[in-house]
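My notebook is open and I have a list of things to look up. I'll jot down each one as I go.

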Amino acid sequence: MKFVHRFAYYLLGLIMGSFVVAAIFSGKDTRCNYFPNARVLNDLRNKPFHYSDKASRILSEKWIDTTDIKNTLEFGDVDFDHSNIKIGAGKIYTIEGKTVKKQDIILKVINYPEKAVLDDIIKNKPINFRP
């Protein structure tokens with residue numbers, strides 16, 4: 001069999017396989033959360049999200065808003081050295097992120113089996129090294 005015929009069969013199989021894969025995954029909400037950071041953030045985003053009184057007071061200060069919280073829960077980094085600590089029926093997670101104005105923040109979120117509660121918001125100030 002000539003190379004051209006083999007290449008044509010290969011392309012035909014590749015195209016048909018691509019259509020099958022696209023048909024299987026098109027209507028489903030599939031995610032590939034293999035890493036611990038992605039699994040924790042996905043779990044927190046998919047639960048009903050509540051704010052503690054302390055977090056509500058900080059949100060009223062206007063240097064941060066709920067968009068920053070949502071972005072941090074989407075793109076933030078979980079600090080596992082200070083996370084996964086049992087508090088009653090839940091576990092507390094420390095998530096590092098940035099505001100829209102590029103200011104570093106740290107969120108402390110308590111993950112309960114049925115909900116997630118934003119417990120605290122910390123403004124993380126950069127360290128200036130001056131001689």
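I started at the hairpin of β4 and β5, where five residues sit between the strands. Lys102 in that turn has a positive phi of about 65 degrees. A note on why I wrote that down: most residues other than glycine have a negative phi. Before going on, I reminded myself that this is a predicted model, where local features need pLDDT of at least 70 and side-chain atom pairs count only at pLDDT 80 or more, while totals for chains, interfaces and linings use all residues. Residues are numbered from 1 along each chain as its sequence is written, and side-chain values use heavy atoms, with hydrogens and water left out.

I also needed the ground rules for naming elements: helices (H or I, at least four residues) and strands (E, at least two) are DSSP runs, numbered from the N terminus.

Is Lys102 buried or exposed? I found a relative accessible area of 64%, so Lys102 is exposed (buried means under 20%, exposed over 50%, partly exposed in between, with a 1.4 Å probe and protein chains only). Thr99 is in the loop between β4 (90-98) and β5 (104-111) too. Thr99 has 6% relative accessibility, so I put it down as buried. Which residues does Thr99 touch, if I skip those up to four places away in sequence? I got Ile64, Asp68 and Ile105 (contact means heavy atoms within 4.5 Å).

**Strand pairing**

Next I went through the strands (two strands pair if DSSP finds at least two bridges between them). β4 and β5 run antiparallel and are joined by eight bridges. Thr94 stands opposite Lys108 of β5. From β5 I moved on to β6 (116-123): these two pair in the antiparallel sense over seven bridges, and a hairpin of four residues joins them. Asn111 has Ala116 of β6 opposite.

How do β1 and β6 run? I noted parallel, with three bridges joining them. Tyr51 has Leu118 in β6 as its bridge partner.

β2 and β4 run antiparallel, with two bridges; Asp77 is partnered by Glu96 of β4.

**Another positive phi**

Asn84 is not a glycine, but I read a positive phi of about 60 degrees for it. Asn84 lies in the loop between β2 (77-78) and β3 (85-87). Its relative accessible area is 41%, so Asn84 goes in my partly exposed column.

**Helix α4**

Then I turned to α4 (residues 66-75), where Asp68, Ile69, Thr72 and Leu73 are buried. Why do I say they share a side of α4? Because they cover an arc of only 135 degrees around the axis (the arc is that of the directions from the helix axis to the C-beta atoms). Lys70 and Phe75 are exposed on the other side of α4. I listed what the buried residues of α4 pack against: α2 (36-45), β1 (49-51), α3 (53-59), β4, β5 and β6.

Skipping residues up to four places away in sequence, Glu74 touches Leu41 and Arg45. I also checked Glu74 against Tyr10: they are 64 residues apart in sequence and 39 Å apart in space, C-alpha to C-alpha.

In α2, I marked Val40, Leu41, Asn42 and Leu44 as buried. Their cover includes β1, α4, β2, β4, β5 and β6.

How do α2 and α4 meet? Their axes come within 8 Å and cross at roughly 140 degrees (axes are lines fitted to C-alpha atoms, for helices over the stretch in contact, and angles run from 0 to 180 degrees between N-to-C directions). That makes α2 oblique to α4 (under 35 degrees counts as roughly parallel, over 145 as roughly antiparallel, 65 to 115 as roughly perpendicular and the rest as oblique). Leu41, Leu44 and Arg45 of α2 make the contact with Thr72, Leu73 and Glu74 of α4. I sorted the residues of this contact into three nonpolar, one polar and two charged (Ala, Val, Leu, Ile, Met, Phe, Trp, Tyr, Cys and Pro count as nonpolar, Asp, Glu, Lys and Arg as charged, and the others, Gly among them, as polar).
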